[in-house]
Amino acid sequence: MKTTRISQSVAALAFLLPPVLGHAESAAAPAPQAAVPLMRPAPAQPATTGKADDFKEADLWGRIRSGYAIPDLDNSLVGKNTQWYVARPDYLARTASRASLYLYHVVSELEKRGMPTELALLPVIESAFNPQALSTANAAGIWQFVPGTGKTFNLQQNMFKDERRGVLASTDAALTYLQQLYTMFGDWQLALAAYNWGEGNVQKAIKRNQALGKPTDFESLSEQMPTETRNYVPKLQAVKNIIANPAQYGVTLPPIDNTPYFTQVDKTSDIDVTIAAQLAEMSVDEFKALNPQFKKPVITGDDTKILLPKENAEKFHINLAQWGRALSTWTTHKITGAKESLATLASKFHTTPEVIRQANNIPAQSRLKSGSTILVPKVSTSTGDIAENVIETAQLSFEADHRSRAHTTQRYKPRASRHKR
């Protein structure tokens, strides 16, 4: 791994890991948005294969610039958003630092699909490239999928994993969604508007303008759009302009090598996050930065992949071959009645109530409801991996105990989508 990439990774971690509200850092920007990507018609040349052509540009920013293909927009909203970003160089630097972990993958996937490479900049607007970003509408990850839309695009969401946060699955889903929208509207900008506002609303706006004999391009329809949708394409254009010519705006972009940052590693059994990080010779925070989709202290599933920088993947394999101990120290337990308090469970599984509370994100002064499945420490070396049916169906519900009047229930079921279709 090159030195520049290592320093970018370390810098990114300082800002990447704490959960934040979606668009929280850009709350002062004009109309924060939520959206996904776009696609252009398939190019005549073969799809990108990850070979020599990928590396003509030493710097990834140059590779992105060379693939711009969405028609430019030039209006007052573009200028307003450009000024906002330019006035916040620290924000841009933090975002670029986070992006250094994921950007090569996003650009490569765009090129494989023949999509404009400026779409790799959309997560700047969505989440500032923070996979832990969570909006008030419960949109998560760098592409800010809400649960319902995530489910539509086969992003797994259960007690153990949320693929809306994982860079591989969420990027694939985001690009697929925009391909569908572009096929529907035949226009990059309308496809973006449809992702943000809903394709049904865009279709209605088009019909209104057609009935009045007016044009149906993005700007002509924008007066019918809510503020955040009206601002979305201008925000992307603002970022696109800055990346195209940073010197013109007095911006210095940290270099990002045009080489893969991570590689995929197969795992064949449950493994604790702490043990996986130890085997890879990484800190837990560094490990979680590349694998934010895992919600529990244990990574379940026998066909799950983890992401590691190449040199750490090599260390992982070497250390794993010499490990010789259990890889997972966690299993599950289903609550069968009110008598199973955290105190009794802690005694049964040779731990403390606080360990169980933290592993399961159970709020203070709450008790578990019957039927809940929780994560608990293994008490026997003969206990196997967590079963697939448990992974897929486990739910956790809790309510305030007798000391509190508040009632809280948490269920791992998708909520209604913010995208009206």
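Biologist: Where is Asn196 found?

Modeller: Asn196 is found in helix 9; helices (H or I, at least four residues) and strands (E, at least two) are DSSP runs, numbered from the N terminus. This is a predicted model, in which local features need pLDDT of at least 70, side-chain atom pairs count only at pLDDT 80 or more, and totals for chains, interfaces and linings use all residues. Residues are numbered from 1 along each chain as its sequence is written, and side-chain values use heavy atoms, with hydrogens and water left out.

Biologist: Why is Asn196 called buried?

Modeller: Buried means under 20% relative accessible area, exposed means over 50%, and partly exposed lies in between (1.4 Å probe, protein chains only). Asn196 has a relative accessible area of 8%, so it is buried.

Biologist: What makes the pairing of the Asn196 and Thr229 side chains a polar contact?

Modeller: A polar contact is a pair of N or O atoms within 3.5 Å; within protein, one must be able to donate a hydrogen and the other to accept it, and residues adjacent in sequence count only if both atoms are side-chain atoms. The Asn196 and Thr229 side chains meet this description at 2.4 Å.

Biologist: Why are helix 9 and helix 10 called oblique to each other?

Modeller: Helix 9 (residues 188–197) and helix 10 (residues 199–211) pack at about 125°, with their axes 6 Å apart. Axes are lines fitted to C-alpha atoms, for helices over the stretch in contact, and angles run from 0 to 180 degrees between N-to-C directions. Angles under 35 degrees count as roughly parallel, over 145 as roughly antiparallel, 65 to 115 as roughly perpendicular and the rest as oblique; the two helices are therefore oblique. Contact (heavy atoms within 4.5 Å) involves Leu190, Ala193, Ala194 and Trp197 of helix 9, and Glu199, Asn201, Val202, Ala205 and Ile206 of helix 10.

Biologist: How do the residues of that contact divide?

Modeller: They comprise 7 nonpolar, 1 polar and 1 charged. Ala, Val, Leu, Ile, Met, Phe, Trp, Tyr, Cys and Pro count as nonpolar, Asp, Glu, Lys and Arg as charged, and the others, Gly among them, as polar.

Biologist: What makes Arg165 count as buried, and what does its side chain reach?

Modeller: Arg165 has 14% relative accessibility and therefore counts as buried. It is in the loop between helix 7 (147–152) and helix 8 (167–185). Its side chain reaches the backbone oxygen of Pro131 at 3.0 Å. Not counting residues up to four places away in sequence, the residues that Arg165 touches include Leu134, Gly141 and Pro292. Trp143, 22 residues apart from Arg165 in sequence, is 8.2 Å from it in space, C-alpha to C-alpha.

Biologist: Why does Gly384 count as partly exposed?

Modeller: Gly384 has 40% relative accessibility, so it counts as partly exposed. It is found in the loop between strand 9 (373–377) and helix 18 (388–393).

Biologist: What is the mean pLDDT of the protein chain?

Modeller: The mean is 85, and 82% of the residues reach 70 or more; pLDDT is the predictor's confidence in each residue, from 0 to 100. Over residues 6–52 the pLDDT is below 50, although this stretch has 144 contacts in the model beyond near neighbours in sequence.
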